[in-house]
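Here's a quick briefing for anyone meeting this structure for the first time. Have a look at the model, then read on.

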Amino acid sequence: MSNTPDTAWPVRTINTKIADWLHRLGQVWVEGQLTQINRRPGTRTAFLTLRDPAADISIQVTCNPDLLTRAQVPLTEGARVVMLGRPVFYTGRGTVSLRVTEIRPVGIGELLARIERLRQLLAAEGLFDSARKRPLPFLPGTIGLITGRASAAQRDIVSVAQSRWPAVRFEIRDAPVQGPTAVPRILRHLAELDADPDVDVIILARGGGSVEDLLPFSDEALCRAVAKVTTAVVSAIGHEPDSPLLDLVADLRAATPTDAAKRVVPDVASELAMIRDLRSRSAGALRNWVTTQVRGLDAMRGRPVLAHPFRMIDERSAWLDRATSDIRRDVARLVAHEDQRVEHLSARLATLGPAQTLARGYAVVQRVPGSASTHTPDDHPHVVSSVLDMPIGTQLRVRVADGATRAAVMGVEK
């Protein structure tokens, strides 16, 4: 059957065709979280709302009230369940619902097993690595806080933080901390606070609870969103034994909300006391250093070479004077001794010299070379010791004690 503007289908036809297509899907298993259970007395139908825990999506569910009554575990709003049903399209109202024939509560063991599988997956992707952890600011100006409205966790964090540092500011976002609506609200608030440039750190907090109560903080979508934000995130979920996956993804895990306030906000009293202690220690160290240096200078100034700088020069000058006097005395003694020695030698020389011999009547005869007319300055007389050196006519020079005379050999006697 063709469909044109001239042969348009009536509403009943299109609704019937949609119903036929949905009925072809057959039975399917669906997992979700119950957000509403409506048992209408006197009817054979119970109405439920099944919500996706990680997204703001839900579907209407109908079932026989006996199915709820026969459940092994009482079904309450917020419970995780797995349902077997068939999609049904009601042509009269144009609505879709899931007609279920079996409901299985997801037990604690199954929930823990699913959380463990998710933990292994996130760990394999590196979302728990310490290298990607962002450091917390030392003194945050504004703290983003996501927690339940007027909850004890909110009061504890704000009161403890303000008592430690009164100037701290908060950007508080109220959100459900359990149930099917918790994750979508928390994701929206997390994106808002991360986009705020004034927010330095974000705290996600709630008090303790059962495993089912803390399920939103092990949600995969929330863990991945926390890993992607650029602002440091602190997880303060439950008490010390509680450990949702958010603790592993967050940049810092606090044991309790009070512990989160203490670890995010420094204690002004202790910081001021530390500053005073450091100033006192620094001043004491500086005074000790100055005292040590002054003592060192005093010790150096007390040394003789600095206390009396001219003493060494005076001592050296006196030593030089003594040395000079000793040298002069030794030189004078040496000169006197040498004078006496020279006198003694002179006396001995005079005694042994030819002058004394001549004085006793002896003479020195020297032969004069050539004649008197041919004598030149280069001619020198020489002593003769034999008559053979004095032939007749030889010119002689005879030296006696008081002078010399010239003579000629007239004859020779042997």
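By class, 4 nonpolar, 2 polar and 2 charged residues line the largest cavity. Here Ala, Val, Leu, Ile, Met, Phe, Trp, Tyr, Cys and Pro count as nonpolar, Asp, Glu, Lys and Arg as charged, and the others, Gly among them, as polar. Keep in mind that this is a predicted model: local features need pLDDT of at least 70, side-chain atom pairs count only at pLDDT 80 or more, and totals for chains, interfaces and linings use all residues. Residues are numbered from 1 along each chain as its sequence is written, and side-chain values use heavy atoms, with hydrogens and water left out.

**The cavity**
- The structure holds 1 cavity of 30 Å³ or more (on a 1 Å grid over the protein atoms alone, a set of points where a 1.4 Å probe fits but cannot get out; lining residues have an atom within 4 Å of a point).

**Helix residues** (helices are DSSP runs of H or I, at least four residues, numbered from the N terminus)
- You'll find Met300 in helix H9, and Met300 counts as partly exposed because its relative accessible area is 41% (buried is under 20%, exposed over 50%, partly exposed in between, with a 1.4 Å probe and protein chains only).
- Ala195 sits in helix H5 (residues 182-195), and Ala195 is exposed, at 62% relative accessible area.

Definitions and conventions:
On a 1 Å grid over the protein atoms alone, a cavity is a set of points where a 1.4 Å probe fits but cannot get out, and a pocket is an open set with protein on both sides within 12 Å along at least five of seven lines; lining residues have an atom within 4 Å of a point. Grid points are joined across faces, edges and corners, and a volume is the space filled by probe spheres set on the points. Helices (H or I, at least four residues) and strands (E, at least two) are DSSP runs, numbered from the N terminus.
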